[in-house]
Amino acid sequence: MNTLSYKTVSANKNTINKEWIVVDAEGEILGRLASEIAKVIRGKHKPSFTPHVDCGDNVIVINAEKIRLTGNKLGDKTYVRYTGYPGGQRFITPKELLAKHPERVIEKAVRGMLPKNRLGRQLFKNLYVYAGTEHKQEAQNPKPVKF
């Protein structure tokens, strides 16, 4: 057996094949859906996964306002941000965030599961979240996927 034929192939920008998929978030649990989305955006579901390259797919999430949170997380969980001014720490619950900007709940969950570096910021741009059933990426012919 020729062991020299086994080469580790490292993907790069020219050799990757990015696809478009659409995910319906209706009735899905937030954390479980976000972890699957993060895995697809990162490219870990592909055999050609390379840790330092954006080799994942583009993900479109629809019906973000119909996401579920288990237990008392809807009222007890808090998202914290800081304005940069003294005393400028702001808190918001998922219930309030779903009422104002339902797509941001999924965005925050997925962003927290991506790497905290330049690659993570680049990967996050491959996520498109919409509150309703309509999205702007019809021209890319996304495939519907059920996790």
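Visitor: Is Asp54 buried or exposed, judged by its relative accessible area?
Guide: In this predicted model, Asp54 has a relative accessible area of 12%. Since buried means under 20%, that value of 12% makes Asp54 buried.

Visitor: Which residue forms a salt bridge with Asp54?
Guide: The partner sits in the segment before β1 (20-24), whereas Asp54 is in the loop between α1 (30-42) and β2 (58-62), so that the two are 36 residues apart. At 28% relative accessibility the partner counts as partly exposed, and the closest N and O atoms of the pair are 3.0 Å apart. The residue that forms this salt bridge with Asp54 is Lys18.

Visitor: How many residues apart in sequence are the parts tied together by Glu28 and Lys146?
Guide: Glu28 forms a salt bridge with Lys146, their closest N and O atoms being 2.8 Å apart. Glu28 lies in the loop between β1 and α1, while Lys146 lies in the segment after β6 (143-145), so the pair ties together parts whose separation in sequence, in residues, is 118.

Visitor: What is the relative accessibility of Asp57?
Guide: The side chains of Asp57 and Lys46 meet in a salt bridge, at 2.9 Å from N to O. Lys46 is buried, with a relative accessible area of 16%, and Asp57 also counts as buried, its relative accessibility being 3%.

Visitor: Which helix gives the largest share of the positive patch?
Guide: The positive surface patch is formed by Arg81, Arg90, Lys100, Arg104, Lys108 and Arg111. Lys100 is found in helix α3, but the largest share, 3 residues, comes from the helix spanning residues 102-111, which is α4.

Terms used. Residues numbered from 1 in each chain as written. Predicted model: local features only at pLDDT ≥ 70, side-chain atom pairs only at ≥ 80, totals over all residues. Heavy atoms only, no water. Patch = residues over 30% accessible without salt bridge, like charges linked within 9 Å, V, L, I, M, F, W, Y side chains within 5 Å. Areas by Shrake-Rupley, 256 points an atom, 1.4 Å probe, with all protein chains shown as cover. Salt bridge = Lys/Arg side-chain N within 4 Å of Asp/Glu carboxyl O. Lys, Arg positive; Asp, Glu negative; His and termini not counted. Charge placed at Lys NZ, Arg CZ, Asp CG, Glu CD. Helix = DSSP H or I, 4+ residues; strand = E, 2+ residues; numbered from the N terminus. Buried < 20%, exposed > 50% of the residue type's maximum accessible area, 1.4 Å probe, protein only.
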